[in-house]
Structure formats: structure tokens, C-alpha cells
Amino acid sequence: MREEEGLIEELFRSYYRSMRGAIYVKDVAKREFMFRGFDGKVRRHISFRDLEELRRHLIYEPPLDAYYSVSLYERPEAEMEDKGRIKADLLFDIDSSDLRDEGCERGSIWRCKNCGKSGMGLSPQSCPNCGSDKLEVNHWLNERCIEVSKEEVRKLIDVLTQDFGVDPDWILIAYTGNRGFHVRVTEGPLTLLGKEERREIAQYVMASGLDISSFIIPDGRGFRIDQRNGHVARALKYIGEPRVSSRDRRRMEELLKSSIERVRVKVDWMVTMDTGRLTRIPNSLHGKTGFRALSLTLDEYRRMNPFKDAIGLPAEPEMKVRIKMRVPAFRMRDESFGPYDEGEEQVLPAHAAVFLILRGRADPMEGNGLEV
Amino acid sequence: MLEEVRKLARERLMIAIRGKGFHAERSQPLEVYSFVAAKLIAAAAGRNVLARLANYEAKRFMKKCQSMSLDQLRAIARELGIELKGDGELWMDLASYLRGASKIGGARWRLVNRVVSRGFVLIDEYELGRILAEYVRENVMNTPQVELPDRLKRIADEISEISSRSRRPVDTKGDELPPCIEELVEKVKRGENVSHQARFTLASFLLSRGWKEERVIDLFRSLPDFSEKVTTYQVSHIAKRRYKPPSCDTMREWGLCPGDCGRRRV
């Protein structure tokens with residue numbers, strides 16, 4: 001391995017050494033673990049007897065990314081079919097990449113794999129030059145991404161507590177360390193649901209397949225809307241008047257439809273369906289940012305700003321990098337950086353340099369010391 | 001008594017395989033013992049027989065529901081660990097609702113089209129019976145395979161023989177099917193009960209892929225409620241009208257999309 005990349009691994013190692021007490025996973029012996037190493041290799045079906053063993057592993061072989069299963073298993077190290085699932089947290093994945101928000105994508109760079117055309121900002125559905133839909137995107141991460149994700153978290157919490165009756169104490173919010181959040185229900189009857197049932201839950205949350213006419217009830221000469229469905233009731237707050245004459249029915253349905261678009265929660269439904277999914281170990285580092293995956297309470301998540309609260313690596317040592325893709329201006333720990341252009345060389349504090357390297361926007365340069 | 005139990009168990013299975021009518025109600029102990037015996041025999045006779053029996057018992061339960069009072073239904077639900085509440089209105093706890101309703105096809109059963117509040121789902125009396133019937137089906141399907149005494153074993157062999165005569169294995173190797181269709185084909189082959197929408201999807205898709213009507217009908221022979229007349233009519237209707245298979249969006253709405261496969265249409 002090149003010396004400069006070895007430095008990042010050393011930074012991760014010393015992070016895990018000093019933070020060992022903060023690494024905590026409930027029911028550790030019944031979980032499956034998965035790691036992506038600095039060699040790029042992914043290893044699954046790993047189990048640990050206790051927390052100490054897990055913590056030692058993170059220091060001994062610091063991973064780029066560290067995950068554990070949302071399921072509890074009888075035999076976590078076995079192949080999928082033989083694991084023996086006991087129960088599984090109900091998991092929701094909110095990722096700003098799915099939200100297609102212009103502000104969040106302002107610094108993202110897309111490139112057509114077919115003709116090589118590239119551009120900045122929200123990626124088009126297909127290449128404006130050659131029409132190919134094979135676009136690769138180097139996403140950027142800014143405060144706006146976190147804001148739009150938080151709004152989805154807020155809506156999801158409403159559905160979970162108001163509609164599904166989930167006790168707020170059973171809800172766990174985790175910042176992934178990159179562009180989104182994982183929300184989990186960790187206790188109660190919903191943790192015992194199977195795949196088909198979880199699909200129903202996900203589709204409800206997303207209002208996918210919602211048939212407005214199920215909630216419009218004939219009433220005298222007009223129509224009434226059954227306001228007891230969570231989505232419909234929340235959508236009505238944007239409209240008002242729940243009684244309509246027959247003539248207005250179509251207009252009402254249109255109005256409701258567009259308001260439901262505002263109240264529905266954009267989650268990745270395949271993640272929710274899949275009880276074999278993994279989530280990041282709390283306080284482990286994200287391999288695309290160097291940020292910490294944070295467990296947050298219902299109050300904390302609103303205030304959380306990853307550029308202040310989730311930075312895992314130290315400022316020392318300074319590192320020399322060469323910019324290989326344009327970098328927008330950003331702030332870390334109240335210090336401003338950038339914008340930088342392609343080809344520029346910069347000496348940056350370790351946490352900022354590693355952030356750019358892991359995002360694929362900069363390369364480390366020789367002459368970076370190993371004294372950490 | 002034992003002889004009578006065996007006889008009624010066999011009767012249940014025979015009618016279940018024939019797929020038509022119900023046995024005449026007997027005394028309660030006889031009903032209970034023969035139900036258990038029929039389950040054990042069916043489990044030994046194979047997945048398809050078990051699915052047939054499950055369908056039979058679920059349908060029979062539905063029929064019995066018509067003469068039951070709401071209080072009786074409530075008592076059964078309580079027995080199964082289902083929580084119900086509400087005066088005048090009927091609310092079922094979310095997890096119990098999903099356990100039953102996620103197996104039933106149709107937009108009205110989808111959670112997204114329901115009034116859901118504080119962990120409870122609004123249902124009516126008919127729907128309560130229908131959900132309980134799914135619990136009956138699940139109960140039968142979860143019967144373990146055990147070593148049977150000789151006389152029951154003989155019935156199992158007989159039933160298994162009769163049931164396999166009515167099935168014609170359909171080979172789908174070599175057909176490149178998208179994952180959602182593949183999953184449905186496997187479910188049907190295993191004798192699982194799939195929804196009306198799932199059957200429509202299969203028939204319209206396979207016909208559009210050039211399958212002959214006969215072959216599609218043979219695939220459906222494994223369905224627990226297979227009826228030659230109904231299936232033949234439906235399949236040839238779909239073939240004649242050249243119905244198109246549903247889009248991915250519709251598949252998702254129907255709860256039949258197992259996950260992103262990268263294709264834009266089925």
C-alpha cells in the first residue's frame with residue numbers, strides 16, 4: 001500500500017483506539033458484522049463474542065466502513081439461510097441522493113460513461129449529448145443535503161408515532177456519516193414482521209399505490225373525505241375544506257394528490273423490506289467522508305450539523321493534496337475551505353484532506369509524514 | 001372414535017383435493033381431532049396437498065363465519081393473540097392486520113389504502129373473518145412433518161398419489177424470466193395460494209412470451225384452489241384479448257415487485 005494511503009488507515013486506527021469506549025452495539029453476540037477494508041475487500045458473516053472483541057478488531061484492522069445487522073440471529077456467522085433470525089429492527093433508509101434536490105446536488109459532478117460529457121449540479125436523467133442513461137455521479141455533501149434529509153426524518157417520525165403507534169423510546173435515529181439517516185424501530189411487534197409485511201409498511205410510508213378514492217365518501221349531495229387516514233389528514237392541512245360538491249370532486253382529488261406528494265416520506269423501500277440488511281456501527285467512521293455515524297435522539301437530530309458534530313478525524317497532521325475534481329467551498333469545524341480547481345495543490349488539516357480524498361476529489365501527495 | 005377420526009380426516013383431504021364443496025359438520029371433538037389428523041397426513045403427503053388443505057380449511061372457515069356472531073369472531077381473534085378494540089367500529093392491531101392482509105391480493109387490503117391510527121387498522125366484520133381465515137391457512141401451512149402411524153401413512157400415500165395425478169409438471173428451465181415472474185412461478189409450483197392479480201400477471205406475461213394456453217393452465221394446476229373450468233376460461237380470455245402484462249409501477253402497487261431488478265418493464 002502507498003504510504004499516503006497508509007496514513008489515512010493510521011488516522012482511522014488512532015480514532016478507534018481513542019474512541020473504543022464509544023463503540024457500542026446492543027446484543028453484540030447475536031449480530032452479523034460486515035467490514036470494508038482499506039484493501040477494498042468486503043467481508044460478511046463475521047460475529048463477535050462481546051464488545052471487547054469487536055473494539056479490538058476495529059483497532060487491529062481498522063475498516064473503511066463498519067456495519068452490523070439489524071437482525072438478531074441464533075448463528076450470526078452462518079450463511080444467510082442458516083442464520084436463524086430471531087427478530088429484526090424495522091429499518092428506514094433516507095438518502096439525500098434519492099431526493100434529487102438541486103441545492104443538495106449543487107456541488108455534485110456527473111459524467112456520461114458513454115461519451116464522457118460531464119457537468120455540475122443535479123444529474124440529468126440521460127446524457128444531454130448522446131442520450132445514454134449510463135451516468136456516474138460523484139456526489140458532494142453540503143448542509144442542504146442534511147436539511148432535506150432531516151425533513152424526511154421528521155415526516156417519518158410522525159407516521160411511526162401517530163399512525164403506527166410506535167413508542168418514541170423505540171425509535172433510533174442514526175446519521176450515516178454521509179448524505180442521509182437511518183431510522184429504526186428497535187422494539188415492539190413491528191420487529192417481528194416478515195418481508196411481505198415490511199413491504200406493506202414501506203409502501204404506506206411512501207404513500208405508494210395510495211388510491212385517493214378509497215377515502216372519498218359520498219355524503220348528501222356532495223362528498224366527504226375520510227380524514228382519519230394519516231397521509232390524507234396531513235395532506236388536508238395544506239388544503240382545508242374537507243367537504244366538496246360532486247362537481248368539485250375531480251379538483252379535490254387533484255389537490256389531494258399534489259399535497260400527498262408533500263407529506264409522503266421518501267425512503268428506500270427495498271431496504272425496509274430486507275431483514276438481512278446492515279447498518280453502520282454507531283460512532284464508526286464513514287469511508288466516504290471520515291465522519292462519524294452518530295446515534296441521535298429525537299431532539300438531537302434536528303440540531304445536528306455533521307460539519308461540526310460528526311467530524312471524526314483530527315486536524316493534525318496537515319496533509320498535502322492535489323485536487324482532481326472541482327471542490328466547492330465548504331466549512332469544517334467553523335473553518336472555511338475552497339473553492340478549489342482541478343490541478344490545485346493544497347495543504348489542509350487532516351480531517352479536510354481526508355474528506356476530499358475519500359470523496360474522490362483529491363489525491364494525497366508524497367511527503368506526508370506518518371507521525372500521528 | 002379413532003376410526004371415525006381417520007375417516008373424516010380422509011374426507012377433508014379428498015374434498016380439499018377435488019376443490020369443491022365442504023364436509024358435513026360433525027361433533028366438536030371429531031371436528032378437532034380430524035382437523036389435526038388431516039394436517040399431519042397432508043404434511044406427509046407433500047407441499048401441494050398441504051396447500052390444498054390449507055385453502056379448504058380457510059374457505060370452510062369463511063363459510064362458517066357467516067353464521068357466527070361478532071362476539072364469537074372476537075373471541076377467536078383474542079385466542080389467536082389478535083388485539084381488537086372499538087365500540088361500533090372495529091380496529092385491529094397493526095402487526096396482526098399485516099400478518100393476515102399482506103397475503104391477500106387487491107388494492108383494498110393494502111395498508112396504504114387503510115385508515116391507520118395509533119397502531120390500529122380500521123376493518124369491518126367481513127374483513128375480520130377474511131383475515132382470520134388467513135390465520136387458519138397459515139396454521140395449516142405451518143404443520144410440521146412427523147413420522148405417522150401406519151394407517152395414517154397409508155392415507156397419506158393414497159392422497160399424494162391422487163393429487164399428483166391431477167398435476168402436470170411444467171418445466172420452466174430455459175425460460176429467461178424476470179425476478180418477479182420467477183418468484184411467482186416458484187410460488188405457484190410450490191402450491192402456494194397467490195392473489196388474483198398475481199395470476200393475471202403470470203398468465204398475461206407467459207402468454208405474451210409465446211407460451212401455449214395449455215402450458216399456462218398446466219402451471220396453474222398446482223394452485224391450491226385450481227379449477228379446470230375457471231382457469232381455462234380466464235386464461236383463454238386473456239389470450240384472446242391479448243392483455244398486456246402489468247407495468248413495473250402496477251406490480252409495485254400490487255405488492256408483486258420483489259425489488260429493483262434494473263428493468264423498466266416486466
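## Ground rules

What you're looking at is a predicted model, where local features need pLDDT of at least 70, side-chain atom pairs count only at pLDDT 80 or more, and totals for chains, interfaces and linings use all residues. Residues are numbered from 1 along each chain as its sequence is written, while chains are lettered from A and ligands numbered from 1 in the order in which they are written.

Helices (H or I, at least four residues) and strands (E, at least two) are DSSP runs, numbered from the N terminus.

## The four-stranded sheet of chain A

Let's start with an open, antiparallel sheet in chain A, whose four strands go in the order β6-β11-β10-β16. Two strands pair if DSSP finds at least two bridges between them. β6 (90-95) and β16 (294-296) of chain A sit at the edges with a single partner strand each, so one side of each has no neighbour in the sheet. From one strand to the next, the twist averages 25°; axes are lines fitted to C-alpha atoms, for helices over the stretch in contact, and angles run from 0 to 180 degrees between N-to-C directions.

Strand β10 (residues 171-175) of chain A pairs with β16(A) through three bridges in the antiparallel sense. Look for I173(A), which stands opposite L296(A) of β16(A). Lying across β6, β10 and β11 (180-185) of chain A is helix α3 (residues 143-163) of chain A, which runs at about 15° to β11(A).

## The three-stranded sheet of chain A

Another open sheet in chain A has three strands in the order β20-β17-β21, again with antiparallel pairing. Its edge strands, β20 (345-349) and β21 (362-364) of chain A, each pair on one side only. Here the twist averages 40° from one strand to the next.

Strand β17 (residues 318-323) of chain A runs antiparallel to β21(A), and three bridges join them. In β21(A), D363(A) is the residue opposite R322(A).

## Chain B as a whole

Chain B has twelve helices and four strands. Along the principal axes, the C-alpha atoms of chain B fill a box of roughly 55 × 50 × 30 Å.

Of the 266 residues in chain B, 42% count as buried (20 or more other C-beta atoms within 10 Å of the residue's own, with C-beta atoms placed from the backbone).

## Helix packing in chain B

Helix α1 (residues 2-18) and helix α3 (residues 47-65) of chain B pack at about 95°, with axes 8 Å apart. That makes α1(B) roughly perpendicular to α3(B) (65 to 115 degrees). On the α1(B) side, the contact includes R12(B) and L13(B), and on the α3(B) side it includes R52(B) and Y56(B); residues are in contact if their C-beta atoms, placed from the backbone, lie within 7 Å.

α3(B) also packs against helix α7 (residues 150-165) of chain B, at an angle of about 90° with axes 9 Å apart. N48(B), V49(B) and R52(B) of α3(B) meet I159(B), S160(B) and S163(B) of α7(B).

## Where A meets B

The contact takes 25 residues from chain A and 22 residues from chain B. Helix α4 (residues 195-206) of chain A gives the largest share of the chain A side, seven residues.

How values were computed
Contact = placed C-beta atoms within 7 Å. Parallel < 35°, antiparallel > 145°, perpendicular 65-115°, else oblique. Buried ≥ 20, exposed ≤ 12 C-beta atoms within 10 Å, placed from the backbone.
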